[in-house]
Amino acid sequence: MSVLELLTQGDGVSRSVAALLLAMSISSWVVILWKAWLLRGGTRDVLRSIAAFWQSATLTDAEQRLRAFDRATLVGPAVSAIKNAAADVSGATLGATTGDRNQRLTRALRGALHGALRRLQSGQILLATVGATAPFVGLLGTVWGIYGALSGIAGQTGGFTIDKVAGPVGEALVMTAFGLAVAIPAVLAYNVFGRVIGRIEAELEGFAHDLLGSFGSAPAPAAPPPARPMPVSA
């Protein structure tokens, strides 16, 4: 029995389960294809973008050079944030004027880094959810199909024979196979993308730390403790 037959010939529960699995399959493959396009360069593009940045003469030159390497736009936002925060702005917002230079740079880099990480992590929850629930949704369809098949056989006359059971039960087991076919690609994609995202996150966090160390101001030396009064001998 095909998925189309399950949607057209089954009862309400069977059609709902088949439609849900079909929707889960389509959504997971859309996310897989989009994530594969986003992460097509992997850590290579990030490393090349970081190297191009440190080889640039100015921040403006770095932004222009990054366009050739940063295809996923993961490094560029941090460079733009550090450029804007390092500029001498005359204060339209509290974020641009509150705190010392290091605090302003930290806020700017945190916002840029969180934006890049949200892009990297988007879709991972859907893949994990599909991979974890699709087999059970398929199993629910199988159990319901077997129950319906046995109920139909019980109402027939002519005795119980294996050929009367094999057909309906085999059709019900298609739901389990469909659930596994939906879940396996989602789980594999989640694991593969998770490893790539973890490496990219480590590189971006290290790059943000280097930017803060390079463009931030050195901490002021601590003031010496006040001198203790010396007792005066009589």
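1. Helix axes here are lines fitted to C-alpha atoms over the stretch in contact, and angles run from 0 to 180 degrees between N-to-C directions. The model is predicted, so local features need pLDDT of at least 70 and side-chain atom pairs count only at pLDDT 80 or more, while totals for chains, interfaces and linings use all residues. Residues are numbered from 1 along each chain as its sequence is written, and side-chain values use heavy atoms, with hydrogens and water left out.

2. The chain has nine helices and zero strands. Helices (H or I, at least four residues) and strands (E, at least two) are DSSP runs, numbered from the N terminus.

3. Helix H2 (residues 12-38) packs against helix H7 (residues 101-121) at an angle of about 135°, with the axes 10 Å apart. That angle makes H2 oblique to H7, because angles under 35 degrees count as roughly parallel, over 145 as roughly antiparallel, 65 to 115 as roughly perpendicular and the rest as oblique.

4. Which residues of H2 meet H7? Trp-34, Lys-35 and Leu-38 do, and their partners in H7 are Arg-119, Leu-120 and Gln-121. Contact means heavy atoms within 4.5 Å.

5. Val-13 also lies in H2. Its relative accessibility is 32%, so Val-13 counts as partly exposed; buried means under 20% relative accessible area, exposed over 50%, and partly exposed in between (1.4 Å probe, protein chains only).

6. Of the 234 residues in the chain, 32% are buried. Among contacts between residues at least 6 apart in sequence, 75% join residues at least 24 apart.
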